[in-house]
Amino acid sequence: MNNRGRRGALRWTASAAVIGAIVGITGCQQTTTRATAEAGPSGTDAITNMAGGRTGGACVFVKPDGAQKFGHVGWGFRIAGTGQWVYGAVENPTNKLYTPPGGDIGAWHAQGTYDRMLSEMSRDAHYPGKSKQPYSRYRCTDSATYDVAAARAMIRKVEARGFLVGVDPRTGQLTSRDCLDATYDVLKAYRTKGLTKADKLSVPNVWVELLWGWSDQKLTPR
């Protein structure tokens with residue numbers, strides 16, 4: 001099966017899982033049960049020289065056992081021409097399916113070196129409360145295109161827009177503003193090359209497998 005066919009199959013899996021996600025998910029939270037994605041890693045084992053570089057770069061951090069095994073994700077992007085990265089997540093520590101704009105959604109971001117980013121993500125250094133399970137996997141890619149200013153602006157937007165998985169009380173539409181939406185919107189604003197589209201209500205653990213050509217590494221506390 002070619003990549004297009006595989007993507008279609010995985011997106012179908014994601015769509016089929018939406019109903020289960022709405023019923024069972026408690027919102028980009030963490031659980032103590034270890035989970036694995038439906039499909040195996042689809043990228044290379046490593047992309048070298050992620051710490052610095054003249055071009056852009058992006059990473060997705062994964063908690064496979066988050067949100068009742070549907071997964072939880074965070075993001076990072078490189079400030080091209082420097083050794084600095086900006087990284088963060090929407091952690092949703094209250095586990096609510098809906099938090100209105102301005103409410104506590106556990107949004108945070110930080111800036112530091114590549115090594116510092118990996119260290120802090122591996123320890124959940126910025127998690128607002130007691131973390132049950134740090135990020136344990138990350139996928140990265142170089143990007144010839146990038147827009148740091150737009151990504152920073154999107155960070156401000158996602159941190160202020162609240163959290164939602166389900167029916168929007170303002171519009172009546174079935175939609176989401178969760179950890180994956182935040183990750184995707186920030187990296188899309190950054191103009192990350194090779195970023196797979198994340199539809200509303202997508203399942204994080206399925207979407208992560210659609211990042212074709214991205215590195216795929218375990219993340220252990222450091």
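A: Happy to: buried means under 20% relative accessible area, exposed means over 50%, and partly exposed lies in between, with a 1.4 Å probe and protein chains only. This is a predicted model, where local features need pLDDT of at least 70 and side-chain atom pairs count only at pLDDT 80 or more, while totals for chains, interfaces and linings use all residues. Residues are numbered from 1 along each chain as its sequence is written, and side-chain values use heavy atoms, with hydrogens and water left out.

Q: Which residues of helix 3 are buried?

A: They are V148, A151, M154, I155 and V158. These residues cover an arc of only 115° around the axis, so they sit on the same side of helix 3. The arc is taken from the directions from the helix axis to the C-beta atoms. Helices here are DSSP runs of H or I with at least four residues, strands are runs of E with at least two, and both are numbered from the N terminus.

Q: What covers the buried residues of helix 3?

A: The cover includes strand 2 (72–78), strand 3 (84–90), strand 5 (107–113) and helix 4 (179–189).

Q: What happens at the start of helix 3, and what comes just after it?

A: At the start, a side-chain oxygen of D147 comes to within 3.4 Å of the backbone nitrogen of A149. Just after helix 3, G162 has a positive phi of about 85°.

Q: Switching to the sheet, what is the strand order?

A: The open sheet has 6 strands in the order 5-3-2-1-6-9, with antiparallel pairing. Strand 5 and strand 9 (217–218) are at the edges with a single partner strand each, so one side of each has no neighbour in the sheet. Two strands pair if DSSP finds at least two bridges between them. Strand 2 and strand 3, for instance, are joined by 4 bridges in the antiparallel sense, and W75 has G88 in strand 3 as its bridge partner.

Q: Which strands does helix 2 touch?

A: Helix 2 (residues 114–123) packs on the sheet and touches strand 1 (56–63), strand 2, strand 3, strand 5 and strand 6 (137–143). Contact means heavy atoms within 4.5 Å.

Q: How many residues of strand 7 are buried?

A: In strand 7 (residues 163–167), 4 of the 5 residues are buried, so the strand is largely enclosed by the rest of the structure.

Q: And what does strand 7 pair with?

A: Strand 4 runs antiparallel to strand 7, with 2 bridges joining them, and Y98 stands opposite L164. Strand 7 also pairs with strand 8 (residues 174–177) in the antiparallel sense, over 4 bridges. There, G166 has T175 in strand 8 as its bridge partner.

How values were computed:
A polar contact is a pair of N or O atoms within 3.5 Å; within protein, one must be able to donate a hydrogen and the other to accept it, and residues adjacent in sequence count only if both atoms are side-chain atoms. Axes are lines fitted to C-alpha atoms, for helices over the stretch in contact, and angles run from 0 to 180 degrees between N-to-C directions.
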